[in-house]
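Hi there,

Here is the structure I promised to pass on to you.

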Amino acid sequence: MRRGFGIAAGLACLVVLVAFTGCTSSTATATPTYTVDSNGVLSVTCAPVTTTETVLFTNDTYTKSKFVLHTTTGGVVTYLSYPKTPKAVMVYLPGAGEMITGHEERMVTYAAAGYAFMFLDYRGRGGETAGTAFSPQADYAKFEQKEWPGYYLTICDISSARAVLAQKFGVPVYAVGGSNGGRYAAVAAGVDKNFAGYVGISTADWGLKDAVAAQGGTGDILRFATSLEPSTYLPTISPRPVWMFHNATDPIIPFAEGQALFATANEPKNFTEFNGDHGINPDVDARLIAQWAQIYGTQT
């Protein structure tokens, strides 16, 4: 869901076989680092993670497991479903209020089509992964103190998930997200060039950069706000694909805002109006699987 912020005041068991690093650099480091350049573009070097996978269910179609990323700042809970030989993987960042129970049928659908699906319960959602809700004010305070904002930690988590999945399956991994999750996924796909592409569903910019600029914010505060916005990163995803889905009557994030974000992306890109209201649904699933079929073929 879209969230508004008071910006001016506030901002003025399969256990551990290997460690993985999700980085923009090829060098793993036990001490994670980040930089934000003068244009507000975030770069991260993430600490290695270890993983624990517990298989919950398996049959001829797919395996479902609880897959925990053990980071230096706590565990990140994900749920992973996959066929025996997936053709590609999606790291799915959910919107507010989405639970894994709402994706059980979706996991089967993607597996039957030949794709792995990871539901990443990112920090601060109130789910199984610990953390406080996203607060630009609190994160800016950490940024000013040269500490790690929670938002940037989540980007590292997403990048680490990509690294783990690429190692596990040896196939392309896409950053996918709906609503708020689409915002995180866009930033992650821009920061981590090893993502195969980006899929955003019912999503748009946060509006933080524009709000800060409108209130006369400059310097660090504007640079920080810029680093949070999906539109800062969408132009950099090319030549990897950007696919966006939005409903014309979306009651939460207006259609025009989704179009505005899409306009910042470079080719190859595709914007699809889907049937529904807000967030991923079977119509989006069918359209996304059809697009992937053009690249990876249909399941036999």
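Let me start with a cysteine: cysteine 156 has a relative accessibility of 7%, so it counts as buried, the cut-off being 20%. Please keep in mind throughout that this is a predicted model.

Where does the sulfur of cysteine 156 go? Cysteine 156 forms a disulfide with cysteine 46, and the two sulfur atoms are 2.0 Å apart. The count comes to one disulfide. Cysteine 46 sits in the loop between strand 3 (42-45) and strand 4 (50-58), while cysteine 156 belongs to helix 4 (residues 150-169), so the bond ties together parts that are 110 residues apart in sequence. The torsion about the S-S bond is about -90 degrees, which means that the disulfide is left-handed. Cysteine 46 is buried as well, at a relative accessible area of 1%.

Now for the overall picture. The protein chain has ten helices and twelve strands. It holds 300 residues, and 54% of them count as buried. Its accessible surface comes to about 12000 Å², with 54% of that belonging to carbon and sulfur atoms.

Helix 10 has 15 residues and spans 20 Å from its first C-alpha to its last, close to the 21 Å expected at 1.5 Å a residue. Which residues of helix 10 are buried? They are Val284, Asp285, Leu288, Ile289, Gln291 and Trp292. These residues cover an arc of only 160 degrees around the axis, so they lie on the same side of helix 10. In an α-helix there are 3.6 residues a turn, so residues three or four places apart point the same way. On the other side of helix 10, Pro282 and Gln294 are exposed.

Both ends of helix 10 have something to look at. At its start, a side-chain oxygen of asparagine 281 comes to within 3.0 Å of the backbone nitrogen of aspartate 283. After the helix comes glycine 297, with a positive phi near 85 degrees.

Arginine 106 lies in helix 2 (residues 104-113), and its side chain makes a polar contact with the side chain of aspartate 285 at 2.8 Å. Is arginine 106 buried or exposed? At 9% relative accessibility, against a cut-off of 20%, arginine 106 is buried. Leaving out residues up to four places away in sequence, arginine 106 touches Phe117, Ile280, Asn281, Pro282 and Asp285. Among these is Asn281, the asparagine whose side-chain oxygen I mentioned at the start of helix 10.

Tyrosine 296 is also in helix 10 (residues 282-296). With a relative accessibility of 23%, tyrosine 296 counts as partly exposed, because that value falls between 20% and 50%. The side chain of tyrosine 296 makes a polar contact of 2.7 Å with the side chain of tyrosine 174. Apart from neighbours within four places in sequence, tyrosine 296 is in contact with Lys87, Ala88, Tyr115, Pro172 and Tyr174.

- Serine 238 and proline 239 are joined by a cis peptide bond, with omega about 15 degrees. Proline 239 is in the loop between helix 8 (234-237) and strand 11 (242-246).
- Glutamate 267 and proline 268 are joined by a cis peptide bond too, with omega about 0 degrees. Proline 268 is in the loop between helix 9 (255-263) and strand 12 (269-273).
- Serine 179 has a positive phi, near 55 degrees, although it is not a glycine. Serine 179 lies in the loop between strand 9 (173-178) and helix 5 (180-191), and is buried at 2% relative accessibility.
- Serine 202 likewise has a positive phi near 55 degrees. Serine 202 is in the loop between strand 10 (198-201) and helix 6 (208-214), and is buried at 0% relative accessibility.

That is what I have for now.

Best wishes

Methods. Residues numbered from 1 in each chain as written. Predicted model: local features only at pLDDT ≥ 70, side-chain atom pairs only at ≥ 80, totals over all residues. Heavy atoms only, no water. Helix = DSSP H or I, 4+ residues; strand = E, 2+ residues; numbered from the N terminus. Buried < 20%, exposed > 50% of the residue type's maximum accessible area, 1.4 Å probe, protein only. Contact = heavy atoms within 4.5 Å. Polar contact = N/O pair within 3.5 Å; in protein donor to acceptor, adjacent residues only side chain to side chain. Disulfide = S-S within 2.5 Å. Areas by Shrake-Rupley, 256 points an atom, 1.4 Å probe, with all protein chains shown as cover. Expected span 1.5 Å × (residues − 1). Arc of directions from axis to C-beta.
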